[in-house]
Amino acid sequence: MKLIFDERGNLEALQHALSSLRESSSVASLMVLGCTGNDWPKEPLDRMLRNLRMPVFGGLFPSIHFRARRHERGLIVAGFSRKADLAVIDDLGDPGIDIHHSLHEQTSRWPGPTEASTLIVFVDAVAPRLGTLVQELFFAFGLDNSFVGGGAGALPFDQAMPCVITPDGLLTGAAVCARLPLASSVAARHGWEAAGEPMVVTAGRDKVIDALDHEAALPVYERHLRQRHRPPLSPDNFPEHARHHPIGIRKTAEEFIVRDPVRIDRQGGLACIGEVPVGSTVQILHGSHDALIDAARQARAAVDEYMLNRSSSCYLVLESVSRALSLEDRLADELQAVSQNDLTFGAFTLGEIANMGRKFLEFYTKTIVVARFEEALEP
């Protein structure tokens with residue numbers, strides 16, 4: 001693997017990075033992680049991507065990180081030595097698009113499976129049917145491969161924008177799935193703990209929770225926050241206070257899938273990143289800075305344990321941007337807990353995709369995902 005980081009983040013820097021790696025004999029695929037603050041003009045960027053004639057995938061995110069430092073402008077281009085097989089699902093917001101059929105149509109043309117593969121998935125986080133997409137990825141590939149990925153887009157969360165990088169250009173409402181014939185180890189951890197009693201989502205719409213135990217969700221959520229000495233909630237102050245109190249969907253007696261409430265929608269519901277099915281048992285969560293940092297350290301330890309005897313020297317780390325905001329000035333401590341002076345790179349995402357320990361495939365939020373590739377880093 002070869003890596004190029006450029007903190008300028010302008011289109012000329014991207015062109016230079018892409019050209020440099022494309023000309024390398026050891027690079028067969030390109031992954032691009034950029035910041036939404038780069039303000040890349042779409043038409044010249046689309047031309048640049050279409051003219052590469054090499055598999056390219058990635059996304060634009062609120063911020064990226066390289067060597068344990070966060071950047072709100074800049075770019076990272078990773079050149080992999082293996083050729084990626086790509087599938088692009090365009091316009092997830094169109095109910096007429098059959099995700100299962102579209103995936104099957106594209107992946108049926110891929111070469112046969114290899115001994116070990118890593119699937120990297122980036123999706124427009126504002127798009128609907130993220131849960132269906134993840135489910136169809138599981139049906140298509142099972143858990144014999146490693147999965148890692150995340151939601152692209154900008155803050156505030158409800159701003160739709162072109163954010164998914166594909167060989168066809170920069171797309172809105174889309175997902176790109178890249179299969180690399182490359183072994184990896186992936187771990188996801190969050191560190192949040194239950195603070196309230198279990199409740200059932202009794203009314204909701206996709207990513208919006210309307211009622212908990214047959215009571216309007218916002219007053220229930222607000223009562224909990226008042227117990228934690230938070231002020232009354234309003235559309236203006238909701239993101240600031242809610243980021244410290246996510247909602248957990250109970251999966252087992254001890255494990256939650258975290259959902260991040262990001263705003264109050266026009267009907268007074270709790271709009272989240274990621275779907276919350278009606279009938280789910282949920283609890284309001286909380287977490288100390290130390291617990292979140294320890295969870296990141298555990299994720300790093302888990303991927304190292306799995307690939308203990310394999311050569312590797314870099315780590316892809318995808319972390320929820322709202323988790324980073326929750327950590328405030330302790331974010332640097334968390335990034336250091338993961339890097340431990342090794343090379344780490346990645347993005348602050350709007351949701352994360354991973355199969356945790358190959359037990360199941362999920363779309364997470366408020367979580368940190370660490371992937372360690374078998375492929376060594378080249379100078």
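Modeller: First, the rule for burial: buried means under 20% relative accessible area, exposed means over 50%, and partly exposed lies in between, with a 1.4 Å probe and protein chains only. This is a predicted model, where local features need pLDDT of at least 70, side-chain atom pairs count only at pLDDT 80 or more, and totals for chains, interfaces and linings use all residues. Residues are numbered from 1 along each chain as its sequence is written, and side-chain values use heavy atoms, with hydrogens and water left out.

Biologist: Why is Arg 300 called buried?

Modeller: Its relative accessibility is 4%.

Biologist: What makes Arg 300 and Asp 342 a salt bridge?

Modeller: The rule asks for a side-chain nitrogen of Lys or Arg within 4 Å of a carboxyl oxygen of Asp or Glu. Here the closest N and O atoms are 2.6 Å apart, and the pair passes. Arg 300 sits in helix α7, and Asp 342 in the loop between α9 (331–339) and β23 (343–349), so the bridge ties together parts that are 42 residues apart in sequence. Asp 342 is partly exposed, at 34%. Shared partners join Arg 300, Asp 304, Asp 342 and Arg 372 into one salt-bridge network.

Biologist: How many salt bridges does the structure hold?

Modeller: It holds 17.

Biologist: What makes Asp 294 and Arg 297 one of these pairs?

Modeller: Their closest N and O atoms are 3.5 Å apart, and the limit is 4 Å. Both lie in helix α7, three residues apart, about one turn of the helix. An α-helix has 3.6 residues a turn, so residues three or four places apart point the same way. Asp 294 is partly exposed at 33%, and Arg 297 is partly exposed at 39%.

Biologist: What about Lys 251 and Glu 362: what ties them together?

Modeller: A salt bridge, with the closest N and O atoms 3.2 Å apart. Lys 251 lies in the loop between β18 (247–250) and β19 (256–264) and Glu 362 in strand β25, so the pair links parts that are 111 residues apart in sequence.

Biologist: Now the rings. Why is the pair Trp 110 and Phe 141 called stacked?

Modeller: Rings of Phe, Tyr and Trp (its six-membered ring) pair if their centres lie within 6.5 Å; planes under 30 degrees apart count as stacked, over 60 as edge-to-face and the rest as tilted. A search of the whole structure finds seven aromatic pairs. The rings of Trp 110 and Phe 141 have centres 5.7 Å apart and planes at 20°, so this pair is stacked. Trp 110 lies in the loop between α3 and β8 (118–124) and Phe 141 in helix α4 (residues 130–141), so the pair ties together parts that are 31 residues apart in sequence. Trp 110 and Phe 141 are buried. Trp 110, Phe 141 and Phe 147 form one aromatic cluster.

Biologist: And what makes Phe 138 and Phe 139 an aromatic pair, and of which kind?

Modeller: Their centres are 6.0 Å apart, with 55° between the planes. That angle falls in neither the stacked nor the edge-to-face range, so the pair is tilted. Phe 138 is partly exposed, at 35%. Phe 139 is exposed, at 54%.

Key:
Helix = DSSP H or I, 4+ residues; strand = E, 2+ residues; numbered from the N terminus.
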